[in-house]
Amino acid sequence: MRIVFFVAALLAFGCSQETAVESQTTDTGQADAVEAAAQTAAEPVIEVNPNKNAYFGDTHVHTILSFDAYIMGTRRTPDDAYEFAKGGAIEHASGFKMQMKKPLDFLAVSDHAFYLGMMRELADEEGPYGDHRLSEVVAGATSAQGSTAAFQAVLGHLRDRDPNAPDDLDDRDVRRSAWQEVIESAERHNDPGNFTAFIGYEFTSSGPGAQNLHRNVIFRNDKVPAIPFSRLDSINPEDLWAWMDTNRDQGIESLAIPHNPNGSDGWMFERTYFQSDKPIDAAYAELRMRNEPLVENSQVKGTSDTHPLLSPNDEWADFELMELRIASTLPSRPEGSYVRNALLNGMLIEEETGTNPYKFGVIAASDTHNAAGSFEEDNYWSKTGLMDINPVNRGSVPLPDSDPASPEYASGASNFWGASGLAGVWAESNTRDALYDSFRRKETFATSGPHIRVRFFGGRGLDASLEGTDDVIATAYANGVPMGGEINGPGDEAPSFYLWASKDPDTEKLQRLQIIKGWIEDGDRKEAVFDVACSDGGQVDPATNRCPDNGASVDIATCATTPDVGASELSATWTDPGFDPGQRAFYYVRVLENPKCRWSTWDAIRAGTPPNPNMHATIQDRAWSSPIWFNPS
Amino acid sequence: MNWLKDPLAAFLAGGALIFLASMFVSDAEISYDVEVRDADIERLHDHWNMQMRRPPTVQELADLVEQFVKDEIYFRESKRLGLDANDSIVRRRMVQKLTYLTEDIAASNPLEEAALQAYFEENQEDYRVSAQFSFSHRYFSTDRRDDAEGDARRALETGASGDPFMLQNSYNGRSESQIGDLFGRDFASALAQLEPGKSPQGPIESAYGWHTVKLTSVEAAHIPDFAEVADRVASDAEQAARHSANEAYYDDLKTRYNVIYPDP
């Protein structure tokens, strides 16, 4: 008679459901009372610093909802990603716990909009997609080999499908419900004053030859569209911006942050409209700048600041280069693929059209597909889940069956990846509004991983008397513009700059502080690197604009670094010796740490093998500020 | 018939009809003996090995076996309840169904305020707020000074103001760990040893240089009032209720089964 009893209970439960619906008003009333009590007990006080604090975060994180992250074995959710950002430990696809030395201040989960949540459905062999031809291969993505097979199968589906026929993997209901998960998770974790959770997604467009055009769309607050605009709607970024404009008219404010221009084969920063011969004009420039005030200049898949072929006189240009197009083995040409080059081209276009489409600030981010960014060289888990968690699969440790006398290494894209990067934001408080306003003002900086802080001000009212004064920042704000700002002509007097950087308390000391200048001279693009402050009492040689070597080195056998060398802070006031009031110019800061072991060397030491000779054994982690522009009258 | 529009209620009502139908089907052939064979353990072991690319630990294997037993019991119980009637759904789906069913039952009754209070009392430690330090400091840069430590020490007497600092000159209510994130761990642990007072103390070394520190107040580690954490308690308590309802249900079922393990 147990069954009868159970049925009775079920039927009774069915009735009580009805009651529950009818009595909802009463329940809500109680909930309000509890909430009100909680509010009066502890009204949160949001700290505000008018001189602004540096907040560190990651605007580029993939979770179980991204098609590729799922295939790579990642089962961590947006909630897990936010827990990790707040300092928690979460599990990698292969089972170990990932945790940072210190938490972040803000995070945006940015899953691929197309096929959002879809792989989870495919892998459910008994769900509505259990009979799909890709179901089995996706469900089998539980090893490096299985992941690779599934990744190729899904990319193949994307590549080979008839663009004019409906895509049977594009299920609007699945996407909509996954997008709701993204929104709800950000709402749960947003904690004004302590931690900011942005709602965002990735628009994953690329050209027909794997020319990368990806960007992350970040929303100001909880006013977001019902469903994101994806590559299945259009691969043309201009259509994305038009969509963002339309949203803005309806009170939905967002910005897009392009990433991996290094893998775009010149498509990210072109001189023409998308797939067209039509040169960029003022209308394009305004549309783009209205929607893309920032660019991601560094992340796990390489740094896009500049390339040695573009900046032959920059000794530090060969930094974490990734010279392939994204998700391919095709080479990516440097012109049009790097930030410094685009800043220069933007000024050229401005001379022709009156508007600069590339007057952007910089941030860095992780692009992790583990729901957890990997920012520390000695605590590295790469980015593609099961596919490259084994050091052998990312080329840092020899193939197991290779001859120790002449070791051979796997050669995959992971070989060119690194423990980068972080977004730095100067804001008055840690809230969505304050941080988003700073994004818009470009009062941002980028780091290749460490929590390096960098201040940068320019103007005619800044002089050497600022240095070392107590109210230096308030004075700099009052008399100059911060990073992301502009100084305008007329006036023959050269603007001066105040710059100041401090180290991450948990990483290496600083070696040198630099200004990178780009300018247009008689229609030609020019650039120069100036050391402006040196560690250990060194003085800049005025003939070479270089600091003396501070002697910092790394023991590759142990990763020990030279003790007592380097600076905790570096600062300077600087005036451009080559200033010409008739030339357009930009200036930005780069600050370099002392060298330390790169992740690949840590891998090799732990495996007891020599570092891969084709990889840099050491790294000089660094930070870059957004530029300050000079506009002649 | 409003409740028919509610998918859950409709599902449960549908389930009830299936049970009624199943009353006419004998459940005599569904055994109460669950035997875990060596082959089962080997299969669990191999499956784990394939998924995780390493063998399970003793504890993990034991957990897998327990999970297997639970699944088997749920599977049998599902069959006994007729969840498989006229349906080709396989074992995993049935187990899931039964699991969801018990979870929904647990979640269907919102907890009373008194129950939330009781949960909070029992689990106070989960809500403990770590000690919060409020302080101001003056910074003496080792990069700018030959003897930053000495200068800082002398400033305790003279009140000299020190050097500009990249971080805030005062902080309200930060934990030792948060202070360590900003200034370095050694500085944070030294600061946590100070007694609060009106005068500057130290000097203490940070990752940046030397500091005199005026520790204005320390809020000891404490358990917050219920009202401050009511939302968190409500969600945790609901989670716990769900968990214990599932456990109770399983424990009850388990008493009706004889589980036979292989000899160790």
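Mentor: Let us begin with the side chains of D265(A) and R325(A), which are joined by a polar contact of 3.3 Å. Please keep in mind that this is a predicted model.

Trainee: Okay, and where is D265(A) found?

Mentor: D265(A) lies in the loop of chain A that runs between strand 7 (254-258) and helix 10 (282-291).

Trainee: Does D265(A) count as buried or exposed?

Mentor: D265(A) counts as buried, because its relative accessibility is 11% and the cut-off for buried is under 20%.

Trainee: Which residues does D265(A) touch, leaving out those up to four places away in sequence?

Mentor: With those left out, D265(A) touches R325(A), the partner already mentioned, as well as Q211(A), P331(A), S332(A), R333(A) and S337(A).

Trainee: Changing topic, how is chain A divided into domains?

Mentor: Chain A has a domain 1 that covers 174-427 and a domain 2 that covers 450-631. The contact between them draws 46 residues from domain 1 of chain A and 53 residues from domain 2 of chain A.

Trainee: How much area do domain 1 and domain 2 of chain A bury between them?

Mentor: They bury about 4,100 Å² between them, with 57% of it on carbon and sulfur atoms. On the domain 1 side of chain A, the residues that lose the most area to domain 2 are W316(A), E377(A) and W426(A), which together make up 21% of what that side buries.

Trainee: And how many salt bridges are there across that interface?

Mentor: Nine salt bridges are found across the interface of domain 1 and domain 2 of chain A, and 26 residue pairs are in polar contact across it. By class, the side of domain 1 that touches domain 2 in chain A has 18 nonpolar, 14 polar and 14 charged residues.

Trainee: Which element gives the most to that side of domain 1 of chain A?

Mentor: Helix 11 of chain A gives the most to the side of domain 1 that touches domain 2, supplying nine residues.

How values were computed
Residues numbered from 1 in each chain as written. Chains lettered and ligands numbered in written order. Predicted model: local features only at pLDDT ≥ 70, side-chain atom pairs only at ≥ 80, totals over all residues. Heavy atoms only, no water. Domains from an automatic or database assignment. Contact = heavy atoms within 4.5 Å. Buried area = accessible area lost by both parts, 1.4 Å probe. Salt bridge = Lys/Arg side-chain N within 4 Å of Asp/Glu carboxyl O. Polar contact = N/O pair within 3.5 Å; in protein donor to acceptor, adjacent residues only side chain to side chain. Helix = DSSP H or I, 4+ residues; strand = E, 2+ residues; numbered from the N terminus. Nonpolar A, V, L, I, M, F, W, Y, C, P; charged D, E, K, R; others polar. Buried < 20%, exposed > 50% of the residue type's maximum accessible area, 1.4 Å probe, protein only.
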